[in-house]
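Hi everyone, thanks for coming.

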Amino acid sequence: MKKIDCDVHVRWKSTDELSPYLSEPWLTRLKQGYILYGHNGYPNPDGTYKMDSFPPDGASPGSDPFYTAQDLLDRYDIEKAILIGESSHLAVSNLANADWAAALSSAYNDWFINRWFSADNRYFGSIIVATQDPVKAAQEIERVGNHPQFVQVSLGSGSRLPYGNRYFYPIYEAAEKMKLPVAIHPFTDGAGIANPPSPAGYPTYYIEYHTLATTSMQTHLVSMICEGVFQKFPNLKLVLVEGGIGWLPPFLWRLDKNWKGLRREVPWVKQKPSEIVSKHVRLTTQPLDEPENRKHLHQLMDMMPSDDMLLFSSDYPHWDFDNPEKIFRHFSEKLREKIFYENAAKLYGF
Amino acid sequence: MMPFYPVAKITDINPGERKIVTIKTIEIGLFNVEGKFYAIHNYCPHMGAPICSGFINRTVNSNSPGNYIYGEKLVIRCPWHRWEFDLESGECLIDTYKRIKTFELSIQDEWIYCKL
Ligand code: FES
């Protein structure tokens with residue numbers, strides 16, 4: 001079965017790869033080892049990678065375009081891969097210095113084009129923007145957004161404001177204009193200048209941090225719906241990447257119920273939130289929920305607003321990789337085709 | 001009687017090292033850990049990872065928060081989702097229905113023989 005993998009992580013072998021895309025004064029900072037991203041305090045104690053994904057030369061997993069093509073695309077019959085960088089790329093938005101962050105995000109985008117897109121035409125990518133200056137971020141989207149292998153704009157979940165806030169409008173306006181969905185990817189919560197990783201503060205362990213990735217997704221989603229982002233930008237699409245899927249149906253039951261009585265507070269929200277989500281929002285599947293009783297996954301699919309919602313993702317080369325040959329095996333052929341290929345092809349215009 | 005196959009010389013696998021061999025299309029990982037050789041099927045029952053590239057660790061347990069009991073059992077931990085399997089029995093520590101296949105070894109004249 002043909003597949004589009006909607007969450008593939010890539011990085012550099014050495015930061016020297018970024019040098020051609022930075023001018024002074026930033027190039028000197030890079031060479032002096034200046035801070036590249038806002039760190040979160042929650043590393044996986046055993047490292048982030050699936051241990052069999054190191055290229056033969058021992059470089060970091062996901063740092064060699066040819067090896068990734070062989071180890072992921074060829075092996076699992078993946079026709080197209082949507083590259084997301086690493087959460088550290090997305091965490092440019094959590095650096096204190098907005099100008100450095102903007103320069104770095106532009107360098108990343110040029111690096112994607114030259115290092116990855118030109119290596120293999122199965123690679124597609126996500127424009128990295130620095131949200132500290134939304135106007136500059138919009139300019140960056142317009143600068144590279146016409147490249148045929150950039151198919152979305154990506155934001156990290158770690159932020160100082162929920163993403164429905166009007167502060168972010170320039171980014172959505174540019175994305176809509178360039179016909180690019182906006183993706184939110186977790187694991188930058190609590191990094192650098194971002195807010196704490198949970199509304200209640202700082203958890204202690206990586207297992208908590210990883211599990212709670214769903215909560216910032218919920219915060220950004222409810223914010224974008226209630227602040228009217230999809231009314232203001234009616235062609236905008238949102239992709240929630242790696243933030244889980246199982247929470248969505250009961251979350252929408254709650255929001256729909258509240259909307260019935262409270263919509264006077266947000267009168268621009270003219271449709272039931274679940275209808276807005278069905279039209280504008282997609283979710284990637286990894287890390288797929290694994291209920292003990294397999295039937296519960298079928299029931300979950302029944303509860304989703306539609307069969308068009310889910311996009312297959314593997315998260316290669318990370319430790320929580322979903323093997324496409326093992327997941328969704330008990331779903332109907334038609335639903336599998338939608339999740340593995342058609343939903344993404346439609347969203348990204350392939 | 002299931003046959004024993006010669007799979008490696010003991011000098012091929014130094015202490016702390018591992019080697020993957022194939023017998024009749026079955027990939028088997030041989031490990032030399034703490035003075036003993038182990039053999040397991042290179043296939044994780046969860047999502048099919050090549051488990052033999054995982055971590056060899058001792059368990060970390062506890063009897064109260066903040067207390068750590070290190071080292072009760074030897075485990076191999078999957079290179080993907082890090083599930084733990086008893087290296088001796090192949091049993092998954094959190095779900096005994098899931099296990100990796102282990103193979104009996106015999107050592108004679110510097111050679112390791114594996115029973116299929
Ligand atoms: S494939 Fe081994 S733990 Fe998931």
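Let's start with a nonpolar surface patch of about 660 Å², made by Tyr205(A), Ile207(A), Val60(B), Tyr68(B) and Tyr70(B). Please keep in mind that this is a predicted model. Tyr68(B) sits in the loop between β5 (55-61) and β6 (69-77) of chain B, and it counts as exposed, at 61% relative accessibility.

Arg254(A), Lys257(A), Lys260(A) and Lys272(A) form a positive surface patch. You'll find Lys272(A) in the loop between α10 (248-262) and α11 (273-280) of chain A, partly exposed with a relative accessible area of 30%.

Now, the salt bridges. In one of them, the side chains of Asp71(A) and Arg75(A) meet at 3.1 Å, N to O. Asp71(A) is buried at 3% relative accessibility, while Arg75(A) is partly exposed at 46%.

Over in chain B, Arg58(B) and Glu34(B) pair up at 2.8 Å, N to O. This pair links distant parts of the chain, 24 residues apart: Arg58(B) lies in strand β5, and Glu34(B) in the loop between β3 (26-33) and β4 (36-41). Arg58(B) is partly exposed at 24% relative accessibility; Glu34(B) is exposed at 56%.

Back in chain A, Lys13(A), Asp57(A) and Asp64(A) are linked in a network of salt bridges.

And how many disulfides does the structure hold? Zero, over all chains. As for cysteines, Cys6(A) is buried, with a relative accessible area of 1%, and Cys78(B) is buried at 2%.

Note on methods:
Residues numbered from 1 in each chain as written. Chains lettered and ligands numbered in written order. Predicted model: local features only at pLDDT ≥ 70, side-chain atom pairs only at ≥ 80, totals over all residues. Heavy atoms only, no water. Patch = residues over 30% accessible without salt bridge, like charges linked within 9 Å, V, L, I, M, F, W, Y side chains within 5 Å. Areas by Shrake-Rupley, 256 points an atom, 1.4 Å probe, with all protein chains shown as cover. Salt bridge = Lys/Arg side-chain N within 4 Å of Asp/Glu carboxyl O. Lys, Arg positive; Asp, Glu negative; His and termini not counted. Charge placed at Lys NZ, Arg CZ, Asp CG, Glu CD. Helix = DSSP H or I, 4+ residues; strand = E, 2+ residues; numbered from the N terminus. Buried < 20%, exposed > 50% of the residue type's maximum accessible area, 1.4 Å probe, protein only. Disulfide = S-S within 2.5 Å.
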